[in-house]
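Colleague: Could you take me through the place where the two chains meet, slowly and in one go? I'd like the contacts as well as the symmetry.

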There are 2 protein chains.
Amino acid sequence: GYTRLRRSVEGLDGAPEWPALRVLVPELAGRRVVDLGCGFGWFCRWARHAGAAQVLGLDVSENMLARARATDPDAAVTYRRADLERLDLPAASFDVAYSSLALHYIERLDELLVQVRRALVPGGRLVASVEHPIFTAPSAPGWTRDETGREVWPVDRYLDEGPRTTNWLAEGVVKQHRTIGTYARLLLRAGFTLSHLEEWGPTAQQIAEHPEYAIERERPAFLLFAADC
Amino acid sequence: GYTRLRRSVEGLDGAPEWPALRVLVPELAGRRVVDLGCGFGWFCRWARHAGAAQVLGLDVSENMLARARATDPDAAVTYRRADLERLDLPAASFDVAYSSLALHYIERLDELLVQVRRALVPGGRLVASVEHPIFTAPSAPGWTRDETGREVWPVDRYLDEGPRTTNWLAEGVVKQHRTIGTYARLLLRAGFTLSHLEEWGPTAQQIAEHPEYAIERERPAFLLFAADC
C-alpha cells in the first residue's frame, strides 16, 4: 500500500519504481510518445520536459483526463479518452509507447500489444510496468507471519491465469492475472524483441529514506519491461 | 517432491516438464549438441535417437557419468567431467546447448552463459530449465495452510539474490537464487535473444494421470527458457 498512495499525490516522484522505469525510456528529444493509461498525465508532462515533440495521453477515465488537461496545458500534449481493450492508433505514428500499471487491467492484452507494435515505427520501444504476478496471483493477497515470525507473502493460483477481483482502494476492481511467461509470449508474438525484464524492488537508499518500503524486497510488487520493434 | 523423484528412475518420461521443454528443442538431425549437467545421460541418448550427429554430455559427478557411459554406449555420445563454473568449450562448435535443472547451482552464471554463447554457432539455441525463483527464494520453502485451509507457498527473500542452502534429498545443497529478471538480463548480456520464457505447471491431462501434481499449479516449480544466437 505504501508505495501506491504517494504516487497519486506526488506523481512520478512518489512512485518508487519510477527511477528504474525511467532508465528504460529512450531519449525523447523530438520523439512522438503515447502513454497508455496516462491517469493525471504525470508522465506526459515529464516526456514534454524531456523534449518529446508530441505526446498523446490515453485513459479510460474522463475524470483523470479532465484533471490532466487542466494541469500545465500544452499544445503538444493531447489527452484523449480511449478504451485500451479496443485501441485503434494509426500505423507507424509513434517512437515510444509507455504504460505505467495499466496493462494488468486489460483483458485482450494480445490485441492491444499487436496494436501498439503496429503504431510504433521500426526501432520504436514500449516501456511498461505491471503488477507482478506474485502480487496478482493469490486468492488472499497480503502479508502474513510464518511460525518463526517472519513476514511472508502466501502465493497460490499462480498458474491459474485470468481475472482477480480485489477490494483495495475501490470495491470490485478486476485485474487480469498473467504469468511473466505469458507477458513475454504475448510481446514476442506481437513482433517485439524482449530487451529488458525486471522484477522491481526498492534500493537500499530508498529503504533508508522510507523504511516502510523494506518489506517490498520480500516479493516483487511490480514487473518492468522494455520491448523493441 | 513428487515431480522430482520419478525422473531419477524413469528419466525424461518421469520429468513432467519434459514435454514442455522438448518443444523448445530445435530439429536435431545432423546437429552437434552439448548437455550442461547431463546426469545419467537421459537427454544425450534422446538427442541421438532424434538424429543428433554428435552429443557431448558434461557433468561434475563422476558417479553419474560412469552410469551414463555404461548405458547404451554410442561412439557419437561423449561424456566428460566438467565444472560448469569453469567451462571451456571451443568456439562455434555446437548447434544446440541444453541444460535441465543445473544452472541454478552455478555461481558464475554470467561467465557460463558467455561461454555457451561463444560455443554455439550463429542460429544456435540454448534450451534450459531451472528451479523457479518462487521455489528457490523462501527462507523456509514448503507448503503451509492459510486460515481458510488453502495450501499456499509462503514467499520471502525473493529480491535477495544469492545462495540458498537446502536439506532436501541431500544435506547442505547450495542453490543460487536468481530472479527471472536476472536470468533474462544475463542471457541478453551474453548476446542471446530471448525467444521463450515459461513458468511451468502440469497440464490437466498430467493432473488426471497424477493427481498429486495438482498442487504444482499453485506456484511454478520450474522456469523454462529458449535463447537464440
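Modeller: Between chain B and chain A there are 18 residue pairs in polar contact, both residues at pLDDT 80 or more. A polar contact here is a pair of N or O atoms within 3.5 Å; within protein, one must be able to donate a hydrogen and the other to accept it, and residues adjacent in sequence count only if both atoms are side-chain atoms.

Three elements of chain B each supply at least two residues to the side that touches chain A: strand 7 (151-155), helix 7 (180-189) and strand 10 (193-200). Strand 10 of chain B gives the most, with 7 residues. Helices (H or I, at least four residues) and strands (E, at least two) are DSSP runs, numbered from the N terminus. Sorted by class, that side of chain B has 14 nonpolar, 7 polar and 11 charged residues; Ala, Val, Leu, Ile, Met, Phe, Trp, Tyr, Cys and Pro count as nonpolar, Asp, Glu, Lys and Arg as charged, and the others, Gly among them, as polar.

Keep in mind that this is a predicted model: local features need pLDDT of at least 70, side-chain atom pairs count only at pLDDT 80 or more, and totals for chains, interfaces and linings use all residues. Residues are numbered from 1 along each chain as its sequence is written, chains are lettered from A and ligands numbered from 1 in the order in which they are written, and side-chain values use heavy atoms, with hydrogens and water left out.

On to charges: the interface of chain B and chain A has 2 salt bridges, meaning a side-chain nitrogen of Lys or Arg within 4 Å of a carboxyl oxygen of Asp or Glu. Asp156(B) pairs this way with Arg150(A), their closest N and O atoms being 2.5 Å apart.

Strand 7 of chain A and strand 7 of chain B run antiparallel, joined by 3 bridges (strands pair if DSSP finds at least two bridges between them). Pro154(A) stands opposite Pro154(B) there.

Now the symmetry. A rotation of 180° with 0.0 Å of shift along its axis puts chain B on chain A, RMSD 0.0 Å, so the copies are related as by a two-fold rotation axis.

Terms used. Copies are superposed by least squares on the C-alpha atoms of residues with pLDDT of at least 70 in both.
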